[in-house]
Amino acid sequence: MRIGIVGTGHVGGTLARLFGKAGHEVAVANSRGPETLRGLTEELVGQVHAATVEEAARFGDVVVVSVPFGRYAEVPADPLSGKTVIDTGNYYPERDGHYPELDEDRTTSSELLQRHLGGARVVKTFNTMRWDHLREYGRQSSAMQRYGMPVSGDDVDAKRRVSDLIEQVGFEPVDAGGLADGRRQQPGSPIYLADLTGGELHERLGAP
């Protein structure tokens, strides 16, 4: 699969490594330009290449958005129309500034991203685990137990596609409901940074 990654911080960079190792072709981009990604692309030569944000968005069949939430409106919407978009972001008011509709729990950060992207199909996942645990805790499908990864979104096919990717990088996808239900995996929720097995996560979410 062709995967674009917009944002190459800890989580975005880790996902580039995991998806590249799983055999996917990955285009990575950040706000500073392709030339700043030489270290990552040299490390993963043949699997990952640097691109502009626009190029990565157009390149991917699936596109990961892994930018600080306060910059979500900078993500280009047009090239993502109709695509599956993985939202790994979290809202931290002390970093992102205050958004009253989030502070008052009238909506979620993923719903705001979905509103901005319009025709994309946003799926929230990879946002509850520390980046170094994400790098190290994946297990083969034959493992007795694997760590669970909550998946919330409003499009069934997009969630299925993302769940397949989660399986490939060594985690157990757990259906957490629609995008509005994504508030159950936000910072401060019982599952955030909890490192639960798939069964434990399913039980704690009361997942469908």
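## A first look at the predicted chain

Leu 193 sits in the loop between β8 (172–177) and α9 (198–205). Helices (H or I, at least four residues) and strands (E, at least two) are DSSP runs, numbered from the N terminus. This is a predicted model, where local features need pLDDT of at least 70, side-chain atom pairs count only at pLDDT 80 or more, and totals for chains, interfaces and linings use all residues. Residues are numbered from 1 along each chain as its sequence is written, and side-chain values use heavy atoms, with hydrogens and water left out.

**Two loop residues.** Leu 193 is not a glycine, yet its phi is positive. Phe 126 also has a positive phi and is a residue other than glycine. Phe 126 lies in the loop between β6 (121–124) and α7 (131–136). Buried means under 20% relative accessible area, exposed over 50%, and partly exposed in between (1.4 Å probe, protein chains only). The table sets out both residues.

| Residue | Phi | Relative accessible area |
|---|---|---|
| Leu 193 | about 65 degrees | 44%, partly exposed |
| Phe 126 | near 60 degrees | 2%, buried |

**The whole chain.** The chain holds nine helices and eight strands. Its C-alpha trace spans about 45 × 45 × 30 Å along the principal axes. The radius of gyration, taken over C-alpha atoms, is compared with a globule rule of 2.2 Å times the number of residues to the power 0.38. For 208 residues, a compact globule would come near 17 Å; the chain has 16 Å, which agrees. Buried residues make up 52% of the 208. Contact means heavy atoms within 4.5 Å. Of the contacts with a separation of 6 or more, 64% join residues 24 or more positions apart.

**Helix α1.** This helix covers residues 10–21. The expected span is 1.5 Å times one less than the number of residues. Just after α1, Gly 23 takes a positive phi of about 100 degrees.

**Asp 87.** Strand β5 (residues 84–87) contains Asp 87. Is Asp 87 buried or exposed? Asp 87 is buried, because its relative accessible area is 6%. Leaving out residues up to four places away in sequence, Asp 87 touches Val 65, Ser 110, Leu 113, Val 122, Val 123, Lys 124 and Thr 125.
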